Structure formats: C-alpha cells, structure tokens
Amino acid sequence: TMEFPSMAWITSLQKKCNESSSFRKASSWADTKIVLEIGDSRYYLKLYRGEIIDIMEYLPFSNALGYDILLRGQREVWQKIIERQNPFLQLAFLGEIERDGNMLECNRMHEAVSIMTDEIMPQI
C-alpha cells in the first residue's frame, strides 16, 4: 500500500484518471486547476481536455498558478471516499468536504470530480 496522502498517491490518481474513458469524457472540455486539500497536505491538478496534464504539491504562498476549484477535507473524510463508505457529493452536501473557488466551474466539473473521487481514487 502507498502512503496517503503523498505525491505517489496523486501520481497514481493522475494515471488512473487519464486511463479512464468516463473521466476523459466528463472532462473533455476542461481547462481547470483543482487543488485537493487532504488534511494538511495540498495537491494541484491541472485538467486540460480530458486529461490531468500536471500535478504538484500545492504551496499556497509560493504557487502563482492559483486554482479554480479547491476541495478541502480532513484526511479521515477523504478516507471515507477512498474506502467507498460515502460518495463525494454526499460528504460535500453534509459540509465534510468544503468546495471553494469558482462555484460555476465547480458545478460544471461535478461529474468529472465525482468520477475521480468515487470511482478512480486509489485505495490505500
């Protein structure tokens, strides 16, 4: 098993998303910067035309790229999603996952985010 959260885990997520036809279809028109905040760890994902083309650790005060969508939750909450205990949108609705940034873009990307979180996120 790989450490969670970690760059190895995010790299695995990127690979699995880019191999998923449902994710590629849901994000085919995307040009979106997403930050996943998992407890104290933050990761930047650049989605472009159906693929995650760039990933990196996100350091808010030194990253000039910013983000369109921020998805924030405690490590234990993300584990519920990864272990398939609760779907992403349920935890977002309950306020356990906070969505921030451009809410229009966040709503437009909900299908791709749901596929990424509920179907693709690597097990730990």
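A residue is called buried under 20% relative accessible area, exposed over 50%, and partly exposed in between, with a 1.4 Å probe and protein chains only. By that scale, K80 is partly exposed, because its relative accessibility is 26%.

This is a predicted model: local features need pLDDT of at least 70, side-chain atom pairs count only at pLDDT 80 or more, and totals for chains, interfaces and linings use all residues. Residues are numbered from 1 along each chain as its sequence is written, and side-chain values use heavy atoms, with hydrogens and water left out.

Start with strand β4, residues 69-73. Helices (H or I, at least four residues) and strands (E, at least two) are DSSP runs, numbered from the N terminus. Four of the five residues of β4 are buried, so the rest of the structure largely encloses this strand. Which strands pair with β4? Two strands pair if DSSP finds at least two bridges between them. Strand β1 (residues 31-38) pairs with β4 in the parallel sense, over five bridges. Here V35 stands opposite L70 in β4. Strand β5 (residues 98-101) also joins β4, through four bridges, and this pair runs antiparallel. In this pairing, L71 stands opposite R99 in β5.

Now turn to charge. Side chains of opposite charge can pair when their charged atoms come close. A salt bridge is counted when a side-chain nitrogen of Lys or Arg is within 4 Å of a carboxyl oxygen of Asp or Glu. How many salt bridges does this rule give? The count is eight.

One of them links strands β4 and β5 again. E98 and R72 form a salt bridge, with their closest N and O atoms 3.0 Å apart. E98 lies in β5 and R72 in β4, so the pair ties together parts that are 26 residues apart in sequence. Both ends are within reach of the surface scale: E98 is partly exposed because its relative accessibility is 36%, and R72 is partly exposed at 28%. The two also belong to a wider group. E37, R42, R72 and E98 are linked in a network of salt bridges.

A second salt bridge joins E51 and R24, at 2.9 Å from N to O. E51 lies in strand β3 (residues 51-57) and R24 in helix α2 (residues 21-26), so this contact ties together parts that are 27 residues apart in sequence. E51 counts as partly exposed at 30% relative accessibility, and R24 counts as partly exposed at 34%.

K80 now returns. K80 forms a salt bridge with E96, the closest N and O atoms being 3.1 Å apart. K80 lies in helix α3 (residues 75-82), while E96 lies in the loop between α4 (88-93) and β5, so the pair ties together parts that are 16 residues apart in sequence. E96 is partly exposed, with a relative accessible area of 30%.

Last come the cysteines. A disulfide is a pair of cysteine sulfur atoms within 2.5 Å. By this rule the structure has zero disulfides. C17 is in no disulfide, and the nearest cysteine sulfur, that of C106, is 16 Å away.
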